[in-house]
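Here is a short report on one protein model and its ligand. Look at the structure first, then read on.

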Amino acid sequence: MSIARELLLWASRSRALAGALRQRAFVARAVARFMPGEELSSALAAARGFAPLGIGTVLTKRGENVATGAEAEAVRDHYLDVLGQIADERLPAHVSVKLTQLGLDVDRELCERALRTLAERAAASGGFLWVDMEDSRYTDVTLDVFGRVSAAWPSVGVCLQAYLRRTPGDLDALLSRRSPPAIRLVKGAYAEPPAAAFPRKRDVDAAYFTLAQRLLERAAQGAARPVFGTHDMRLVERIRARALALRVPSGGYELHLLYGIREDDQRSLAAAGERVRVLVSYGSAWFAWYMRRLAERPANVWFVVRNLI
Ligand SMILES: Cc1cc2nc3c(=O)[nH]c(=O)nc-3n(C[C@H](O)[C@H](O)[C@H](O)COP(=O)(O)OP(=O)(O)OC[C@H]3O[C@@H](n4cnc5c(N)ncnc54)[C@H](O)[C@@H]3O)c2cc1C
């Protein structure tokens, strides 16, 4: 892992730094590149803007590791409201949540109940709920909670991270279910020990494509609902070519990208007939998430510096 990436991922876990930097206007200006605003209304406005381009969205409020049950319940209620607004407006928008934002560190039962409530609401309103994957301390419990909730509510999908050595086994377990859930495959954004995750990028990229092929083979049989969450256009082209060769039916997979990254590609992929969604973040607790975005591409630090000038 590069020193810059290591430093930025360390910064993402520092509450003191979060407190100090979040107040700085130049940081807020730089963050604006990756999120349309802190309020839900900004995210909904962005979703409305993408819809006519044939691009769906996934809305997510920043924040993780809440410390009390009351905070977790407030997050649950917030997302219930978001699902309601999406349904009222008939927006082509999904919602994505982190289990630690729903109180996983506080009380696992409370977190599972909250996820169940959200899944139920998503199903009732024709919506869809994604469960993000956090660092590897949470992989087992996330898959466990997700497994139980998604068995009852198929309108929930989960993220898997290609950089984790364990992921081929997790993917097989999910695909062996009678009705396999929707799976969003990403490379992985956290600082992980080499025992848990491949330290070299090229190994992560290779693992991603191997997992993607497995998902596409199953999608060709109508037995998987893959989403490829990446901005790696070489990888996207290989996935598209493989999907074509395997005759994956149209709409058999989706491509998800983050707001503000590779916007031209988002549009051209949608125009080429691909199912594309943009993950739109909002909320004031953006610091840790923003540091992970900088760590993915340390050259982004120059955007912060440029906003100083
Ligand atoms: C929809 C979506 C959901 C995600 N959910 C999760 C999750 O639940 N858990 C998790 O651990 N991770 C998640 N991630 C993050 C993911 O793990 C990667 O860290 C991130 O997508 C960067 O990897 P990449 O696949 O884009 O490839 P990379 O090889 O890192 O990047 C490929 C190219 O994309 C561009 N790019 C990538 N990142 C940036 C950036 N930050 N700024 C500017 N350009 C950039 C650059 O041109 C780069 O060369 C998610 C990503 C997406 C797109």
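How do the residues of the shell around the ligand divide into nonpolar, polar and charged? They divide into 10 nonpolar, seven polar and 10 charged. Ala, Val, Leu, Ile, Met, Phe, Trp, Tyr, Cys and Pro count as nonpolar, Asp, Glu, Lys and Arg as charged, and the others, Gly among them, as polar.

## About the model

This is a predicted model, in which local features need pLDDT of at least 70, side-chain atom pairs count only at pLDDT 80 or more, and totals for chains, interfaces and linings use all residues. Residues are numbered from 1 along each chain as its sequence is written, and side-chain values use heavy atoms, with hydrogens and water left out.

## The ligand shell

The ligand is surrounded by 27 residues, each with a heavy atom within 4 Å of it. The closest are Lys187, Gly188, Lys201, Thr230 and Glu296.

Four elements each supply at least two residues of this shell: strands S4 (156-161), S5 (182-186) and S7 (254-258), and helix H12 (287-296). Strand S7 gives the largest share, three residues. Helices (H or I, at least four residues) and strands (E, at least two) are DSSP runs, numbered from the N terminus.

## Contacts and cover

Oxygen atoms of the ligand lie by several polar protein atoms. For a polar side-chain atom of Arg262 the distance is 2.8 Å. At Ala189 a polar backbone atom is 3.1 Å from a ligand oxygen. Taken alone, the ligand exposes 930 Å², and the protein buries 89% of that. These areas come from the Shrake-Rupley method with a 1.4 Å probe.

Arg292 is in helix H12. Its relative accessibility is 4%, so Arg292 counts as buried; the cut-off is under 20% relative accessible area, with exposed meaning over 50% and partly exposed in between (1.4 Å probe, protein chains only). The side chain of Arg292 makes a polar contact with that of Glu64, at 3.3 Å.

Val278 belongs to strand S8 (residues 276-282). It is buried because its relative accessibility is 0%. The C-alpha atoms of Val278 and His256 are 5.6 Å apart, though 22 residues separate them along the chain.

## Two positive phi angles

Most residues other than glycine have a negative phi. Arg90 has a positive phi of about 55°. Its place is the loop between helix H5 (69-89) and strand S2 (93-97). Arg90 is exposed, at 74% relative accessible area.

Arg247 also has a positive phi, near 55°. It is in the loop between helix H10 (233-245) and S7. Arg247 is exposed, at 70%.

Definitions and conventions
A polar contact is a pair of N or O atoms within 3.5 Å; within protein, one must be able to donate a hydrogen and the other to accept it, and residues adjacent in sequence count only if both atoms are side-chain atoms.
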